Amino acid sequence: MTTDPDLTPVTLRWAVRLLWGQAVAVGLVAAWLVFANLTTEATDLTSALMVTAFAVGVAVALWALGNALLRRRAGARAPAIVLQLMLLPIGWFMIQGGLGWLGVPLIALGIGVTWLLVSPPTTRALGFE
């Protein structure tokens with residue numbers, strides 16, 4: 001199925017852009033973790049590799065979900081929403097830990113992208129109405 005970008009609602013386009021942006025950010029964290037794994041002495045190599053693999057997996061998932069949503073694959077919306085809602089407790093615990101400057105924007109990002117994904121234009125474009 002080919003889609004005309006001009007017919008894709010702005011809410012869906014912004015949701016995809018933000019998902020891709022998150023994928024890039026998590027990918028940069030994953031690259032830093034790979035570098036750290038290679039250059040520092042690990043006290044628990046298994047845990048270090050698992051955290052790195054998790055970051056790589058999340059980056060790949062965010063990018064793939066953005067691509068699927070751009071192609072209007074309705075099944076990609078729910079996993080994308082789940083990943084966005086995961087930002088809420090992460091942001092909350094960052095606020096509790098004194099990193100409010102990072103936690104508040106993460107919560108806002110999670111809520112904002114979720115809203116974009118459930119907004120009426122996106123819902124119609126994905127065939128839910």
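## Pocket lining

Ala, Val, Leu, Ile, Met, Phe, Trp, Tyr, Cys and Pro count as nonpolar here, Asp, Glu, Lys and Arg as charged, and the others, Gly among them, as polar. With that sorted, look at the largest pocket in this predicted model: its lining has 17 nonpolar residues, one polar residue and no charged ones.

The largest pocket holds about 580 Å³ of space. It is lined by 18 residues, and those closest to the pocket's centre are Val26, Val58, Leu87, Ile90 and Leu106.

## Overall build

The C-alpha trace spans about 50 × 35 × 20 Å along its principal axes. The chain has 129 residues, and 33% of them count as buried.

Phe54, Val82, Met86 and Ile90 make a nonpolar surface patch of about 380 Å². Ile90 turns up in the pocket story too, as one of the residues closest to the centre of the largest pocket.

Val82 sits in helix H3, which covers residues 77–85. Why does Val82 count as partly exposed? Its relative accessibility is 48%, and partly exposed is the class between under 20% (buried) and over 50% (exposed).

Take Leu28 and Thr52: which of the two classes, buried or exposed, does each fall into? Leu28, in helix H1, has 60% relative accessibility and therefore counts as exposed, the cut-off being over 50%. Thr52, in helix H2, has a relative accessible area of 6%, so this residue is buried, under the 20% limit.

Each one also has a partner worth checking in the viewer. Between Leu28 and Trp63 there are 13 Å from C-alpha to C-alpha, with the two residues 35 apart along the chain. For Thr52 and Val29, the C-alpha separation is 8.7 Å and the sequence separation is 23 residues.

Conventions. Residues numbered from 1 in each chain as written. Predicted model: local features only at pLDDT ≥ 70, side-chain atom pairs only at ≥ 80, totals over all residues. Heavy atoms only, no water. 1 Å grid on protein atoms, 1.4 Å probe; cavity = no way out; pocket = protein on both sides within 12 Å on 5 of 7 lines; lining within 4 Å. Points joined across faces, edges and corners; volume = space filled by probe spheres on them. Patch = residues over 30% accessible without salt bridge, like charges linked within 9 Å, V, L, I, M, F, W, Y side chains within 5 Å. Areas by Shrake-Rupley, 256 points an atom, 1.4 Å probe, with all protein chains shown as cover. Salt bridge = Lys/Arg side-chain N within 4 Å of Asp/Glu carboxyl O. Helix = DSSP H or I, 4+ residues; strand = E, 2+ residues; numbered from the N terminus. Buried < 20%, exposed > 50% of the residue type's maximum accessible area, 1.4 Å probe, protein only.
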